[in-house]
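Let's walk through this one together, piece by piece. Keep the viewer open while you read.

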Amino acid sequence: MSEIPILSILIFIPVVGIFFMLLIRNNDDQSSQNLKHTALWITFLNFIISLSLLFSFDLNNPDFQFVEKYAWIESGISYHLGIDGVSILFVILTTMLVPICILASYESIKFSVKEYLISFLALETFMIGVFCSLDLVLFYLFFEGGLIPMFLIIGIWGGERRVYSTFKFFLYTLAGSVFMLLAIIYIFISTGTTDVETLLVYNFTTNEQLILWIAFFTSFMVKIPMWPFHTWLPDAHVEAPTAGSVILAGVLLKMAGYGFIRFSIGFFPDASEFFAPFIFSLSVIAIIVTSLIALVQEDMKKLIAYSSVAHMGFVTLGIFTFTVQGIEGGIIQMISHGIVSAALFLCVGVVYDRLHTREIARYGGLVSKMPFYSFSFMIFILASLGLPGTSGFVGEFLVLLSIFTVNTYFAIFATTGVVLAATYSLWLYRRIIFGALIKDDLSEMFDLTRREIIIFLPLIILTVFIGLYPKPIINIIEPSTEKIVNQIKMKLD
Amino acid sequence: MQSLVYILPEIFLFIVATVLLVTGLFLKNIKLINLLAIFSLLVAVFLILNQPFQSAFLNSFVVDEFSLVLKVMILIGSIASLIMFVSSKEDLNINIYEFPILIIFSTIGMMVMVSANDLLAMFIGLELQSLSLYVLAALNRNSLLSSEAGIKYFILGALSSGLLLFGISYIYGFSGNTNFNLIAVNINPESLGLIIGIVFVLAGLAFKVSAVPFHMWTPDVYQGAPTPITGFFALAPKIAAMGLLVRFLFNSFGEIYIDWQQIIFFISIASMMLAAFAAIAQTNLKRLMAYSSIGHIGYALIGVACFTDEGLRSLLIYLMIYLIMNIAVFAFLLSLKRNDGYFESISDLSGMHKNHPLRTMLIALIMFSLAGIPPLAGFFGKFYIFVAAIESQMLFLAIIGVIASVISAFYYLRIVKIMYFDEPKEEFDGSSIKSLNLLYYPSSILIIIFFIYPSPVINISEYAIQSII
């Protein structure tokens, strides 16, 4: 256990940044440039600090590390932070994506820059908080708090139907989450604590588990999102500014997946086992249906948004197998999707900044004008469809492996999803990149700028690295996952 | 004589009000009178904090932890509305020296209400409070809306007082006592007359806290009354009436709580749901705040319905947070001024973040707080209410509560949407009024940073309830 409260520092550095930015008062171009630099440096600093977590993280220790615990509201509800192998990667994913998002907004955000950056920094605080908190009330605070900045990001800097989308996003997720709040309160009253570590070894009765599981599930199902409650996601993605989509796909969806692993199966193993076939069915439906929907999309962002729902289907499949492979696969799939879908949205953002349309039909033959862009786009498309050698493969493979051991039928259906993913991804790529460059307005397109290369480079490296050599990642995840699986087995027996 | 010491703050305020009333005739300086009023209210806070806990006048007037906390909250509300009055008296055509004096009289009434331990003391306090409020609502004589508000409030208020008095007579008739404690001792659980009495008294009190189905006056009065007075309506009387309700129900009818619990249960659900839906269609900010306050009272009543110390604690936490949020909202409403005209329509807020970035950011956060979104203070208010509800097996109430809060999030979000997403209009010049900023910034910052250190509010609530249960 380290003496420095490193997790609190990670959570609150963005808040300090907000104070700094409130001090920059002018409204001209120069000061908005300064604001962007400040935000970039603050988030980059946060990223560096989060990397230090990796170095001081004890790989052999499956328990929570960097633990901080202070009295907060009253006895039983404390300010309790800590990370283990399951959450550490999400923290780093968050701190990595936020500076990338800010860098990606350098050109595209033209007005109210200060509010925009403040929203992003606040969002970072909430996202890191979600993955670090070991107290349910604290978790809920961060989980829901993220809605406020995201509501503003979509609503102010979004596209034409931004108001509709942002209200839909906010009310959907809020409606899902309030039942989790009631469940948390019930847990608090019946056990006297909301401390995650204590609750992980607590045994709820089966009836309690069923009700509480459903309450948690409503929240996470909307957030992750699972079919049939996924409809807010394409809307939100389409209308959000590029960076908003990146953070939405990259981190916000993962909060729910993380919640499933930590809370749903951790607290309520009996209920999770009971509902597992239900989850499998929903996931398989999601994988197949949303893949088919993705096939017919005219809008690039919508296509990627639907593919996100399908990919999240693999995650839930993996988690509810209760096997080490499955959960590991789910986590790796989430990390990989966090990188890849974020990158895909950035790819859309690149051409959107140039042509201001996301309609697939408006593009074609970009390869002759934008070779570097085509190359990076290809890597991410291949990773998205799960080609071996990319990060997407590792997660999907582990998930399919684990689901085969549990139920062959679901496995067969899920595998068709892989084929469908290849279809819509490659078709998207062909329509945008290949073919002859016949459309007039495309002749003005130019390749990636230096700023954009800086954005894509780390993502490409990570995608390929995880794909070729996933061992370090698995080493981090494995001890904690094994502990979770053992705990579930123990509780089930 | 000994008893007089225990009502020292009330006597002090009464003397101050009378003296100010006379001096006001000769001294034309309204600002000075207002300052003196604020000062004497502060002195009253000091007196209250140093009072011994006792019961006076044959136990019909009690000074205890509960009354202390509520009185301080009421005085904070009164002081806030007097500060609002300074900033706006000329422009709103209410530049008369009776304003602070009426506020003080009304405040005395409320202080008597929260200390009342007797049906008669309760009625005296209630009437003193209400009569001042009727006049205050109609203070802007040249405005049709204000006169209408005054008349409407007076007629309906008189009706509710009648109902209340009718109920009191039943309770006295069937229990033989007017003192809350004696009623509790001599209670006959089988008596139908007592139940009728409780129902009528509750109807009267529900009118005062503007709970559904006795809420009809609220939107009209809120809209018609000059804004500082609307602020006063939203702040102090709700707290006083809630305190009275608690003491009346808990002290005298604790034994037959099953009977009144379902009434509170119903008006709580009705208030939450009606307010959530009705507020969606509003275009006037003050009307919207009226429905918002009805909804909040619905949540607070969950705390009463629980009939546990947990519930009472959550009620007090809720009221404190409600007080601070409303101070911020009404200080904000008064700053919506351009060329000596006030703006009350929601669409006037359009695109305000361009001209007033910090102010808009804070009010947006207040709106999220009113909607109960974490990590703002409003969330903690609701959180404790739901804890209390679930603890006393009222899961249904909690579920209705969260559903209503999701629905009501919509109209709070709409305000945020208009401020942030729509096209900007001209600048408001009310943002430079110092006295309003004195209210606005501290209260909104308190709401935002509440989550860092919530224990003071919780401790105060726990301190307050120890004298009730």
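Which helices do the buried residues of helix 17 of chain A pack against? Read on and you'll meet them.

## Before we start

This is a predicted model, where local features need pLDDT of at least 70, side-chain atom pairs count only at pLDDT 80 or more, and totals for chains, interfaces and linings use all residues. Residues are numbered from 1 along each chain as its sequence is written, while chains are lettered from A and ligands numbered from 1 in the order in which they are written.

## Helix 17 of chain A

Here's the reply: the buried residues of this helix pack against helix 12 (269-295), helix 13 (300-319), helix 15 (371-384) and helix 16 (391-406) of chain A. Helices (H or I, at least four residues) and strands (E, at least two) are DSSP runs, numbered from the N terminus. A residue is buried if 20 or more other C-beta atoms lie within 10 Å of its own, exposed if 12 or fewer, and partly exposed in between, with C-beta atoms placed from the backbone. In helix 17 of chain A, the buried ones include Phe410(A), Gly417(A), Tyr424(A) and Ile433(A).

Helix 17 of chain A covers residues 408-433, and its 26 residues reach 38 Å from the first C-alpha to the last, close to the 38 Å expected at 1.5 Å a residue. That expected span is 1.5 Å times one less than the number of residues. After the helix comes Gly435(A), with a positive phi near 90°.

## Chain A overall

Chain A has 19 helices and 2 strands. Strand 1 (residues 65-74) and strand 2 (residues 77-83) of chain A run antiparallel and are joined by 6 bridges; two strands pair if DSSP finds at least two bridges between them. Glu68(A) sits opposite Leu81(A) of strand 2. The hairpin has 2 residues between the strands, and Gly76(A) takes a positive phi near 100° there.

How does the radius of gyration of chain A fit a compact globule? For 493 residues such a globule would come out near 23 Å, and chain A has 21 Å, which agrees. The radius is taken over C-alpha atoms, and the globule rule is 2.2 Å times the number of residues to the power 0.38. The C-alpha trace spans about 65 × 55 × 40 Å along its principal axes, and 60% of the residues in chain A are buried.

## Chain B overall

Chain B comes to 19 helices and 4 strands. Its C-alpha atoms fill a box of roughly 65 × 55 × 40 Å along the principal axes. Of its 469 residues, 59% count as buried.

## Where the chains meet

How many residues of chain B are in contact with chain A? There are 24, and they touch 29 residues of chain A; contact means that C-beta atoms, placed from the backbone, lie within 7 Å. Helix 17 of chain B gives the largest share of its side, 11 residues. By class, that side has 20 nonpolar, 2 polar and 2 charged residues. (Ala, Val, Leu, Ile, Met, Phe, Trp, Tyr, Cys and Pro count as nonpolar, Asp, Glu, Lys and Arg as charged, and the others, Gly among them, as polar.)

The largest nonpolar core has 381 residues, and Leu182(A) and Leu319(B) have the most contacts inside it. Such a core is a set of buried Ala, Val, Leu, Ile, Met, Phe, Trp, Tyr and Cys residues joined through C-beta atoms within 7 Å. Not counting residues up to four places away in sequence, Leu182(A) touches residues including Ala215(A), Phe386(B) and Val402(B).

Definitions and conventions. Contact = placed C-beta atoms within 7 Å.
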